Amino acid sequence: MMNISIVKVENPSSIWGRVQETTEQYDSLLAQINRFYHITQDETLKPASLEEGELYVVYWSRKKSWCRAMVELIIKDTASYRAHCLLGDHGERLVVSLDNIRVARANFLQLPFWMRRFNLAGIRPTTLKVFIPEDNVALIPTSEWDSSATLYLHRLLHVSTQAEAVLFESESDSTSIHLYVTFGNIKICVNDDLVAKKFAVYTGVPEELDRFPPAAVEKKRSNEEDLYCARLLSWLNPESLNTDDPVVPSDPVLVHSADPIGACTGLDDAPITDQFRLILQRKKLTALSPADRHSWRAVARGCNALVISHHAEQPLGYLLPLLTHMLLNSIFTSVTPNTGPIAVLLCPGWERLQLVYDLLEDLKVISSLQPAIVLLGVGEDEAKATRIPRKCLLLLTTPFSLVRLLSCHCFLFLRLYHLALDQADELFTLAPDQMATILQHFQRVSSSEENASCPQQIVAVAKKWTSHMEGLLANHMSYPCIVVTVPEEAALYADVQQIILMTLEASRISVLLSALDFNPDVGQKTLIVTNSAPEVEDVFKAVRNKSAFCLKIHEGLMDQSDVVIQQWRKDIGVGTHVILVITSETLKCFEIRDASCVVHYGFPSSPKAFGCRLFCMAENYRNLSERVKRDQTDGSTRLARSVLLISDRNAHHIVGLLRYLVRTNASLPPELLTFSQGVHMVREDQKTGRPFCSYLKSFGVCRDQSVCPDRHKVTLQLDQSVLPASGVIEVVPLYIKTASVFFGHIVEKDDGGFRAMACQMKGYYAEKKPGANEVVEGGLYAVQEDEDFHRVKVLSISERGEGLFFSVFVCFVDVGKEEEVRSHQILQLPDQFIPLPAQAVEIIVCGVKPVDAEINWHPKVTRAINKKIRGRQHRAKAVFSLGNTVFVDPMMCLSQVPGMKTMTNEYNVQSEILKTGMGIKNQDHLGLLRALHQSTAHLPGDRAGGELGPNPTSQAASVDACNKGEDRNSSSSESCNPKSFHPQVRWYQTSESVVLTVKLRNPAAQCCDFYPDRVVYSGRLDGRSYRADLQLQHCIAADSCCWEMKSNEPVLKLVKQHPGDWERLLKSKNIFVSYDLDHLDEEEDEIPNGQWFVENTGEDDDDDDDVASESDSD
């Protein structure tokens, strides 16, 4: 009997292990091999060609060592020459390029491979066979081992302390053994134990072992499983077992699959490579989520899969089985004349792409798959100039970038076998047209004759169900495996009919009775869910009078639960309606799945609780797996139905559930929507302590206002600004936060205070640098950075612990940046440097936003802008201000022509952003900000008045659209309509006329009146009235003026009484009127040395000197 070390178990007939007595010999041999091949540079050791079945020495990059290997398969294509090798001393298989293969010297081949393959002698596997005529089953021998036998062997070896074997005859690739394992003082023979557990039979046993009815099989199996579990647990935990502990019910999981595939029980039997399993164990990620357990086998087998789970944000959940399938199968079947990647992984944005790529690096698959990130902008010919690495097998990109690639390089995607959709719900929401194009290309590639024998797989992972996924399953995923672990999303997938009924609290029972059908055409099972036992009794009494088949159960009737559930589970006939009234807590104790209707008499506490109730109808959910769909008729009626009763007592909980109900396409009562809007506005009013949303400032819209914690309403007390809202200013960006958001200084004529303070601080700290006596949050201190000293405000202090130093998060009040510094860098700030206000101003460039629906700028754009503008003085036109933020459009850098006073535009910041290809124009940015300012600055304080009821009276809040509160110089003769909004107006001029464009798309009820000194426009759009009464600076010929619709917007043409240029359009300032910068270049062409800005768009004349021409030469 020899001691062996079991390394890997594929099944009881394929066990890889090493004989421990030979350890020293092989350690010495492997050391000699590595010393020789690490030092030797002999070119003759590189083979000119390879032969299958021959022995070589290959370099294993993961272990960073040379190993003996046998070539099993040679892979040739136009890009590379590789070999699939078996590392005989390690029991691993890997793909190696020709550059990492060497000829094996004879003295290194004297010992056989250290790793040997064993099989358990004298036994063969069994399986259950069903005999339908006799109504019984039998255990018969088979050729394939059941996965439960392999799992049982895994567990035996895991808990054993020693493994020994008696060697028998050796076959060509395996040695037969009797395997013995030791547990403490007990030694058992694994061969005999597998036979005793009915996993195997001895060789020579008749084909039909035993026949018994199914009930006996189940009872026998149950007894054996209980015995096995008790025995295994006694080995793992010698202490007494407590079997009376309550069982915690697991979260419901919906699995629909045309070909049912069993779930994994854990990491031990997970269908992933040993390399991945080892990495997970090192990271201590040994617990699989429900989605992983039910989907990994399908993905690893190459099946189409759709997974909806809360864990969709963790790419490891689908990457591990997908990469396993690619490494063990796809890269060997992809030997075709075509080149290009065999798999494409789509992510919604660049940040997600980088996260997935970092995971691939951690999983050590970079060398074998050569993944590459391709992210294309909208620049001309950028897609044509892009080159995919020749050895790249896995491409990571976004839908927008892939469509651009397909338009120029579609021939590089002719061997596309795998398509992975990361965060598929966002992909279809952000890029529906692009996803349709990609899926059509994938379908064409997969249906070609050349790829008929190659694997074709789509794996989609999402957090939410969307309507696009129904088309994905129906048109592009044959025989899919659908796994949904979020109960409320499972109801959306099943298209459960949602009925919402509004009622008063006192009328709930009468509304409930009117919603029930007591004489249905087909058999129905209805659950009425309440929140308390008294509600169960009240509802039961009311329903009992209407229906003879009514049951009840709550916490006080648990002794009758067996009888009630037995009655519920009985089959029902046509026209029968069984009703069960139950509390929400009691419902968790019973796995009811066959209900056809759920009535929510008690309001659910959360969308998850709502989904768990709906999951009681899981057996009546529609099934979109293809094989089942073929059996369904188009005229089948929808069985699953949900009825939700909403009373005036549920006001505080309705908003969260309403967001879910909107996605169901259910008919929602108008009064419910009105009340929800009022609640939303009240919640916005409660955010007065939060900063204004940064996305709203940067791009004009919030990325997701329903979950964003920041403020989205302009408040005069909080957002009143002393910064210029119009005119030309000089700015110096000092800290570049993003490509369009900077912090810096506004250069003013009287700017000596800050400069003097900076010089004094430098002189003060040149003599001494006193450390801070005590660091407190909110205090002002100083920090040295290079040769300069900056004032900083402490925002937070980390836990000090036992260390001498600690970290402090500070804000540089004169620069604008926030970063972490060490406590020893904090210097005491003298009192004379404290009174000067903070100098940093936020500067936002309007009119640009990231391309492809990205929510953040790509780092390369921010780096390019930072390199170009930081520390340089720029001239900008202020168009809006909010708090400590000034919005500019445009922002340019001017440079002086050498030897002349002429100033030229060196670059435009917006144009530089657009040149990167990663940004596009955002024409609505400023308009959205001004509209928000206009609509929220004067709203009444109480917007959510009234109570939620079946027939509430809705009142529209009046909005004061006048700008009299904004402009002290407004003419008293200007007409104000308190129920209308002022539209955005852009204008430009020629020598003969002035052209005004009102920024409203397809307004209705338009009217335009021309007068010699004013023009009045009015119209309606989206239920709002708009009116603009413009007092003109100069007179016009009213009879010759006209207006028309151009590009779906009203355009007014005012004919000047006297030809010439107007210095300004209006007599008084109006923040809603601005110059049309699209025509700025035309005027510069007409007047080469004219003004840089066409000033006076209704603003004051304070800045006339700043924009005067400096074109006179010396």
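W1043 stands opposite L1052 in β48. The two residues sit in a predicted model, in which local features need pLDDT of at least 70, side-chain atom pairs count only at pLDDT 80 or more, and totals for chains, interfaces and linings use all residues. Residues are numbered from 1 along each chain as its sequence is written, and side-chain values use heavy atoms, with hydrogens and water left out.

β47 and strand β48 (residues 1049-1055) pair in the antiparallel sense over 5 bridges. Two strands count as paired if DSSP finds at least two bridges between them. Helices (H or I, at least four residues) and strands (E, at least two) are DSSP runs, numbered from the N terminus. β47 and β48 belong to an open sheet of 5 strands, ordered β47-β48-β43-β42-β49, with mixed pairing. β47 (1042-1046) and β49 (1073-1075) stand at the edges with a single partner strand each, so one side of each lacks a neighbour in the sheet. The twist averages 25 degrees from one strand to the next. Axes here are lines fitted to C-alpha atoms, for helices over the stretch in contact, and angles run from 0 to 180 degrees between N-to-C directions.

A second open sheet of 5 strands has the order β6-β5-β4-β3-β7 and antiparallel pairing. Its edges are β6 (92-97) and β7 (101-103); each has a single partner strand, so one side of each is left without a neighbour in the sheet. In this sheet the twist averages 45 degrees from one strand to the next. Strand β3 (residues 55-60) and strand β4 (residues 65-76) pair in the antiparallel sense over 6 bridges. The bridge partner of Y59 in β4 is W66.

Y59 and W66 also belong to one aromatic cluster, together with F36, Y37 and F108. R105 lies over the face of F108, at 5.9 Å from the ring centre. A charge sits over a ring if NZ of Lys or CZ of Arg is within 6 Å of the ring centre and within 35 degrees of the ring normal. R508 lies over the face of Y601, at 4.1 Å from the ring centre.

The structure holds 17 aromatic pairs. Rings of Phe, Tyr and Trp (its six-membered ring) pair if their centres lie within 6.5 Å; planes under 30 degrees apart count as stacked, over 60 as edge-to-face and the rest as tilted. The ring centres of W465 and Y493 are 5.3 Å apart and the planes stand at 80 degrees, so this pair is edge-to-face. W465 lies in the loop between β22 (457-462) and α14 (468-476), and Y493 in helix α15 (residues 487-493), 28 residues apart. Both W465 and Y493 are buried (under 20% relative accessible area; exposed is over 50%, partly exposed in between, with a 1.4 Å probe and protein chains only). The rings of W987 and Y1075 have centres 5.0 Å apart and planes at 85 degrees, so they too are edge-to-face. W987 lies in strand β42 (residues 985-989) and Y1075 in strand β49, so the pair ties together parts 88 residues apart in sequence. W987 and Y1075 are buried.

Helix α13 (residues 432-446) has 15 residues. It reaches 21 Å from its first C-alpha to its last, close to the 21 Å expected at 1.5 Å a residue; the expected span is 1.5 Å times one less than the number of residues. Its buried residues are M435, I438, L439, H441, F442 and V445. Seen down the axis of α13, these fall within an arc of 160 degrees, so they line one face of the helix. The arc is that of the directions from the helix axis to the C-beta atoms. The face turned away from the buried side of α13 carries the exposed residues D433 and R444.
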